[in-house]
Amino acid sequence: MMYGLAWDTSTPLAFATSILPILLIGLTVTVKAALAGFAIAIVMGLVFALLRRSRIRAVSWTTAFVVEFLRDTPLLVQLFFLYYVLPDYGVVMPAFLTGVLALGLQYSAYTSEVYRGGIDAIPRGQWEAATALNLSRLTVYRDIVIPQVVPRIVPAMGNYAVAMFKETPVLSVITILEMLGLANMIGEQTYQYLLPLTMVGLIFLLLTLICSAAIHQLERRLPKAGVPLK
Amino acid sequence: MAMQSPAAVAEAAAPIIRFDGVTKRFGALTVLDDFSFAVAPGEKVTLIGPSGSGKSTVLRILMTLEPFQEGTLTLGGHGYHQPGGAGAFRASEKHLRAIRCNVGMVFQSFNLFPHMSVLRNITEAPRAHGVPRAEAEGRALDLLGLVGLADKKDHFPAQLSGGQQQRVAIARALAMRPRVLLFDEPTSALDPQLVGEVLGVIRSLAHEHDLTMLLVTHEMRFAREVSDRVCFFNKGRIVEQGDPERMFRSPEHPETRAFLQSVLA
């Protein structure tokens, strides 16, 4: 019994149908965490990429160090640190927020590299034309660089979106009740692991396929030259 | 040392562009060596010479695309100066922006923004500088009329021929109403049959009295036709300069003669 929902272990089919609602409750947590985490990754990745291009050495070096640190330490360590160590120093965050933050920050380190590659691929002539038109740095990034970077980075960003989605079960270690954690608890209480875990695997597979198809569509629809500005 | 004819020095009494002892190095290579040069307001000057002689570098320094190591550059009353040896821009961004206000540039490879419509390519800079959208678009349509492309305003660069793209690029450079317009080999990337339409637009601009034009080109006949003065560059200095008719008819310096013979042959 979980969330007021009882399970029926009489037949495999009955068991599956009875635990599906519980798993779907877990799925909403999984999806929310993935969406929020990826939103952070998209925004902070760009911020890191831009800070790394700063002409002020202290800023670009510090950013490079932070990005490298985030990329080179395991997500689990970051999660435990944020959730179990920070409270000793007076920083207490709810589990969900902590999880989303850790996921988002680690993936911003990856996406910042994607942005960096995309920005580096903008031809020199584009920057020179922007200089000749006396555009401010803000305008150059907003109107010239970012719209041209987007179509180049969609495939790589899509890979990270899928990867992050598949990595959300790790959040169960800091007590977040997401889909895999719930399946595991059902297993512990019923001594039947095969069915709940298989269902979780299939739900992940289904959603990942949908996600990949959506990214592929986006890739096809975006003009190669960039997000059009009229 | 750059040589300047007495006429040019006199003409440059109140120059809009002035290089004073500018030295530009790329690593060990000195591209401009103690270069001095002045252009009067409204003057149309063509820079000719073999590739690598430093003529494009002059334009790129004017557009603040390249730093230089020594000397002073004055542009429309804004001086700027590079303390020796550092090798990097030390002028503040604000100062550079004040300088760039006076200058526009047309590139060999057009450099239009591929994701923007023709109209947006032209209105982008005025709009970014606070001109209301309607006014910027009105001005852009006038400019498109001037370069003969009013019907292409909603096209994207990839849908245009090279010649059309370069004409849009000229309209885009004019949209900021620069006092100085720089042309860096504007027809070198074009198919031969498209060169004429671009030269036609530049020729019509050459009739504008207020506009100062600096043109790097290999189109000798065109240079002769539109410019008030032709400067022959070799190895980072001006070897000879003067009235185009005289330069092309009877070049004085042996290097000029050899160059003109090779390109006009």
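Student: Which residues does Val239(B) touch, not counting residues up to four places away in sequence?

Tutor: The model is a predicted one. In it, Val239(B) touches Phe232(B), Phe233(B), Asn234(B), His253(B), Glu255(B) and Thr256(B), once residues up to four places away are set aside. Val239(B) itself belongs to strand β10 of chain B, residues 237-242.

Student: Why does Val239(B) count as buried?

Tutor: The criterion is 20 or more other C-beta atoms within 10 Å. Val239(B) has 20 C-beta neighbours inside that distance, and therefore counts as buried. Across chain B, buried residues make up 47% of the 265 residues.

Student: What makes helix α4 of chain B mostly covered?

Tutor: Of the eleven residues of α4(B), which spans 118-128, ten are buried. Among them are Val118(B), Leu119(B), Ile122(B) and Ala128(B), but also Arg120(B) and Glu124(B). The cover includes α5 (133-146) and α6 (162-174) of chain B, together with α6 (137-167) of chain A. After α4(B) comes Gly130(B), with a positive phi near 95 degrees.

Student: How many residues of chain B are in contact with chain A, and which element gives the most to that side?

Tutor: The contact involves 23 residues of chain B and 22 residues of chain A. On the chain B side, α3 (93-100), β6 (103-106) and α4 each supply at least two residues. The most come from α4(B), with four. By class, this side of chain B divides into 13 nonpolar, six polar and four charged residues.

Student: Why are β6 and β10 of chain B said to stand at the edges of their sheet?

Tutor: The open sheet has six strands in the order β6-β7-β8-β3-β9-β10, with mixed pairing. β6 and β10 of chain B each have a single partner strand, so one side of each lacks a neighbour in the sheet. From one strand to the next, the twist averages 20 degrees.

Student: How do you know that β7 and β8 of chain B pair, and in which sense?

Tutor: Pairing requires at least two bridges between the strands. β7 (residues 180-184) and β8 (residues 212-216) of chain B have five bridges, in the parallel sense.

Student: Which helix lies across β6 and β7 of chain B?

Tutor: That helix is α6(B), which runs at about 175 degrees to β6(B).

Notes:
Residues are numbered from 1 along each chain as its sequence is written. Chains are lettered from A and ligands numbered from 1 in the order in which they are written. This is a predicted model: local features need pLDDT of at least 70, side-chain atom pairs count only at pLDDT 80 or more; totals for chains, interfaces and linings use all residues. A residue is buried if 20 or more other C-beta atoms lie within 10 Å of its own, exposed if 12 or fewer, and partly exposed in between; C-beta atoms are placed from the backbone. Two residues are in contact if their C-beta atoms, placed from the backbone, lie within 7 Å. Ala, Val, Leu, Ile, Met, Phe, Trp, Tyr, Cys and Pro count as nonpolar, Asp, Glu, Lys and Arg as charged, and the others, Gly among them, as polar. Axes are lines fitted to C-alpha atoms, for helices over the stretch in contact, and angles run from 0 to 180 degrees between N-to-C directions.
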